[in-house]
Amino acid sequence: MKARQRTTILASVCLIVCFAASVFMLRSVDRLRPQASLDDVLYISSPKILKRASLGYEGLLADVYWTRAVQYFGSRRGSNVELLAPLLEITTSLDPHLIPAYEYGGFFLAPPPPNGAGQPKRAIQLIEYGIRNNPNEWRLYYNLGFVYYMDLKDYAHASDAFERGSQVPNSHPFLKVLAAQMAQHGGEYQTARMLWTATYKTSRDKLVQQNAAEHLRDLKVDEDVSNLEGAVTRFGERTGRLPSSIRELARAEGLPGVPVDPKGEPYKMDENGRILVQHPDDFPLATKGLPAGFNAVGKHFASN
Amino acid sequence: MNARIGYIASNTFREAVRDRVLYNLIAFALLLSGAAIFVGEISIEIEKLVVINLGLTAVSLFGVVIAIFVGIGLVSKEIDKRTLYTVLSRPVRRWEFIVGKFFGLSSTLVVNTFCMAIGVFGALLYVSHKFTGSDAFILVALYFIVLQFFIICSLTLLFSSFSSPLLSAVFSFSLFVIGSFSEDLRGFAGMAHGITKWLATAVAYLVPNFSAFNVISSVAHEYPVAVQLVLHNTLYALFYTATALSGAVLIFERRNLK
């Protein structure tokens with residue numbers, strides 16, 4: 001074998017082995033510092049400094065930060081997400097016309113954990129900033145009204161936001177309906193269902209859509225439990241006692257069978273006449289039908 | 001080390017010194033001494049932070065520029081001046097030439113970084129009047145910067161083994177920028193689906209990962225660097241450098257020099 005051939009073979013083997021080893025080492029490095037690129041954000045948290053440092057390429061930097069925000073929330077959903085707000089603020093400062101960032105902020109900054117960061121005021125600031133920079137985007141007014149209604153129960157401001165949105169050219173007609181509904185602030189479940197359905201249908205972000213679907217599912221639980229507990233009260237008023245089982249309650253109400261939750265499991269009734277779901281873990285966003293002491297935030301019992 | 005590789009390395013080092021590459025140290029010294037005096041006047045509580053950040057960033061950037069602009073000429077200059085033919089007509093193998101050039105350039109950068117490190121610690125002493133235990137982490141950051149230089153040197157040699165100096169500079173600098181964002185690239189790969197995911201993952205592992213070497217901000221904040229990270233980064237840099245050098249050897253072995 002010629003020396004040159006020997007060198008070629010050795011170099012080829014070395015290239016393949018070393019490249020495989022470098023990929024292996026890189027994976028080990030990644031495991032050592034899983035949130036590294038996000039931790040770096042902590043060191044430069046000023047959008048103004050970042051804008052200057054981007055040397056005019058702020059659009060690209062905004063895209064990088066937007067990717068980081070989605071990754072960050074996706075990987076830490078259900079735990080502490082305190083960096084979500086600064087990440088979105090940096091993203092929108094670098095690119096004030098990045099509409100999905102405002103939408104994302106509205107849906108995931110405002111709700112309390114485990115579904116969000118529990119920072120409705122910061123969500124409102126973010127969306128108002130978006131409206132100032134994109135006054136003709138009706139979705140932003142919708143997001144604003146949504147946060148006011150869902151997370152702050154501030155009907156006046158919600159109505160105002162939907163009303164402002166309805167005046168934007170080419171806005172969706174349901175904004176006018178929502179503005180009127182907020183002004184009356186009646187029919188809680190109906191309004192909430194309408195809002196989440198609209199969100200599900202109009203959003204282009206898969207995570208936002210999934211979030212809306214989960215809310216609609218758990219809203220159904222809240223509504224069912226309210227109705228069934230109303231039926232228990234009516235039964236008590238008629239007979240002077242609690243129904244012995246949910247089956248008796250269903251018969252008394254003329255229902256075709258034992259009502260089931262959105263996962264198909266029958267509801268159950270405790271000895272005090274409270275209606276409960278079979279598996280509370282399946283409905284982390286539900287506010288009713290959960291056993292006493294069940295911690296929806298941590299998805300477990302508080303005593304655990 | 002093979003004696004012939006040693007000769008080529010020492011000649012490369014001497015040539016770099018003759019080319020006044022180390023003159024950048026004057027600019028570095030001026031920058032750092034100016035910054036140390038200036039931040040002492042305007043910064044409250046963060047003088048040390050600014051000196052470490054500025055000093056280490058300057059060490060890194062000066063080194064990257066030297067690695068790229070000296071590295072791209074290592075092969076082409078020898079061909080243009082026809083000195084390569086003299087070297088290869090002696091009992092020197094092509095792979096020895098490439099490896100020797102790599103060690104020559106790397107040692108130039110190590111010496112350069114050593115001088116700059118003295119400057120950084122001098123400026124640090126000037127603003128904080130004493131050293132603390134956490135200042136030792138700066139040495140880790142400097143070590144990571146040197147590892148980064150090894151990778152860049154090997155990549156510039158890889159590109160210069162088949163391309164013109166200008167294109168080699170463009171390729172090397174592009175890879176440096178992409179490599180600095182490689183964690184975002186892997187994040188993007190993680191979020192993608194189907195063929196995009198495979199392609200993005202392949203590219204993410206193919207480009208060098210420089211973000212893992214950048215601990216400047218954390219050492220400036222006096223955060224320790226894990227021993228495991230030092231070990232893994234060292235191995236990663238060695239394997240990646242060996243990969244790029246093997247590629248350079250493979251190409252250069254087959255290159256027609258007539």
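**Figure 1. Contacts and fold of chain B.** Residues 24 or more positions apart account for 84% of the contacts in chain B with a separation of 6 or more, where two residues are in contact if their C-beta atoms, placed from the backbone, lie within 7 Å. The model is predicted: local features need pLDDT of at least 70 and side-chain atom pairs count only at pLDDT 80 or more, while totals for chains, interfaces and linings use all residues. Residues are numbered from 1 along each chain as its sequence is written, and chains are lettered from A and ligands numbered from 1 in the order in which they are written. Chain B has twelve helices and zero strands; these are DSSP runs numbered from the N terminus (helices H or I, at least four residues; strands E, at least two). Of the 258 residues in chain B, 43% are buried, meaning that 20 or more other C-beta atoms lie within 10 Å of the residue's own.

**Figure 2. Helix α1 of chain A.** Helix α1 covers residues 3-32 of chain A, and its end C-alpha atoms are 42 Å apart. The buried residues of α1(A) are A:A11, A:C18, A:S22, A:M25, A:L26 and A:V29. They pack against α6 (94-128), α10 (194-206) and α12 (227-254) of chain B.

**Figure 3. The contact of chain A with chain B.** Chain A gives 27 residues to the contact and chain B gives 29 residues. On the side of chain A that touches chain B, α1, α2 (36-43) and α4 (58-76) each give two or more residues. The largest share, 17 residues, comes from α1(A).

Terms used. Expected span 1.5 Å × (residues − 1). Buried ≥ 20, exposed ≤ 12 C-beta atoms within 10 Å, placed from the backbone.
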